[in-house]
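Biologist: I'd like to go through this one with you, helix by helix and ring by ring. Can you show me what we're working with?

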Amino acid sequence: MSSTDSQRAALIELRAARSVIDRLDASRHPEELAADLIEAWTQLEEALRSFVGGSALSGQPLIRELRQRQLIDLEQAHCLLELLAVRERVQRADYLPIADDVTVARDAYATVEKHLAAGSAAGAAADEPLTDPVLERGRRQRQDGQRDIEPIPPVLDTTYNEEFGRRSQPWWFLGLIAVALVAAAGVAWYAFGRGGTDHVAAGAELFKAGQMEPARREFEIARTNQPNNASPHIYLGRIARQGGDTALARRELLQAVQLDTGSALARREFGSFLLSQKQYEAARAFYTAAVDRDANDRTAMGFLGCTLVKLGRLDEAMRWFKHAGAGEWDVCVPQTAQPQVAPPPR
């Protein structure tokens, strides 16, 4: 991947996470704000990993790598280090985020986004091919806010039909139309084959039945046919996690989070992945974000309680267990907090 391609990929990831920055507000509940600040760093860190062409580095080593490659300057590195420091502070149970923390996060995002956008635009300009004058004029007028101009279609060669006294299209043109129709039919069949099968729904049924390999094939078709749908990525992430492929699970679930910034389910699933990897603070951030988007998500509430138990924040954990009610997360409830059953009288 070229440096320009890496910049573009990083910029796409960064802009997909814009909603996290947009909802940062110092007036929000401290726990919610802390979760958002952690998620902001997590999303920015993923974009920076893409910027270096893919890396397992994180935190200061990642920033150091960016500087050594001269991909960022000192000012940008300083902004990133400040946000990293914010992330480390809000992880502490005794720290309450302040307005300056929000400012640091916004400044870091703005600085990195501006840098990536400038590099991506420069690379795109260098690679831009010569354009048709009519299309270029239309593009300039769109930029000026004027009405679009329809490109002038090319004049097709025609032959004269003596019998009907009019011009008709040559046989080769009709052949092209036939080929285009066949190709369109093939695309439609591939996208909606088997009489309009909903591949996500079909895959979900197979997944529920424990048929993982056929389910995976259905979700891969759905992922190809519906590139903006987060659902296939969520299921593929689940399948990969169950199969022990943590790298693939992370990629698929992170893609789901980026595709649907309002999805509680995508964040809950990514939280569950992080919990399984013992990344408890990051898991807490994503479970909290899931509950923020869906206040009725009992599963996210329950496993948020599990994550808080791992972090030693038992009082908070018990509050979330109470909200969630009974469920799979009951195994996380400390034995001392569970109601004791009195022995039968003798």
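Modeller: Here's a term we'll need: buried means under 20% relative accessible area, exposed means over 50%, and partly exposed is in between (1.4 Å probe, protein chains only). This is a predicted model, where local features need pLDDT of at least 70, side-chain atom pairs count only at pLDDT 80 or more, and totals for chains, interfaces and linings use all residues. Residues are numbered from 1 along each chain as its sequence is written, and side-chain values use heavy atoms, with hydrogens and water left out.

Biologist: Is alanine 10 buried or exposed?

Modeller: Alanine 10 sits in helix α1 (residues 3–16); helices here are DSSP runs (H or I, at least four residues), numbered from the N terminus. Its relative accessibility is 0%, so alanine 10 counts as buried.

Biologist: Which residues is alanine 10 in contact with, leaving aside neighbours within four places in sequence?

Modeller: Contact means heavy atoms within 4.5 Å. With those neighbours set aside, alanine 10 is in contact with Ala47, Ser50, Phe51 and Leu116.

Biologist: How do α13 and α14 run relative to each other, roughly parallel or roughly antiparallel?

Modeller: Axes are lines fitted to C-alpha atoms over the stretch in contact, and angles run from 0 to 180 degrees between N-to-C directions. Helix α13 (residues 264–276) and helix α14 (residues 280–293) pack at about 160°, their axes 8 Å apart. Angles under 35 degrees count as roughly parallel, over 145 as roughly antiparallel, 65 to 115 as roughly perpendicular and the rest as oblique. The pair α13 and α14 is therefore roughly antiparallel.

Biologist: What about phenylalanine 219 and tyrosine 235: what kind of aromatic pair do they form?

Modeller: Rings of Phe, Tyr and Trp (its six-membered ring) pair if their centres lie within 6.5 Å; planes under 30 degrees apart count as stacked, over 60 as edge-to-face and the rest as tilted. The structure holds six aromatic pairs. For phenylalanine 219 and tyrosine 235, the centres are 4.5 Å apart with 5° between the planes, and the pair is stacked.

Biologist: Is phenylalanine 273 buried or exposed?

Modeller: Phenylalanine 273 and phenylalanine 270 both lie in helix α13, three residues apart, about one turn of the helix. With a relative accessible area of 3%, phenylalanine 273 is buried.

Conventions. Helices (H or I, at least four residues) and strands (E, at least two) are DSSP runs, numbered from the N terminus.
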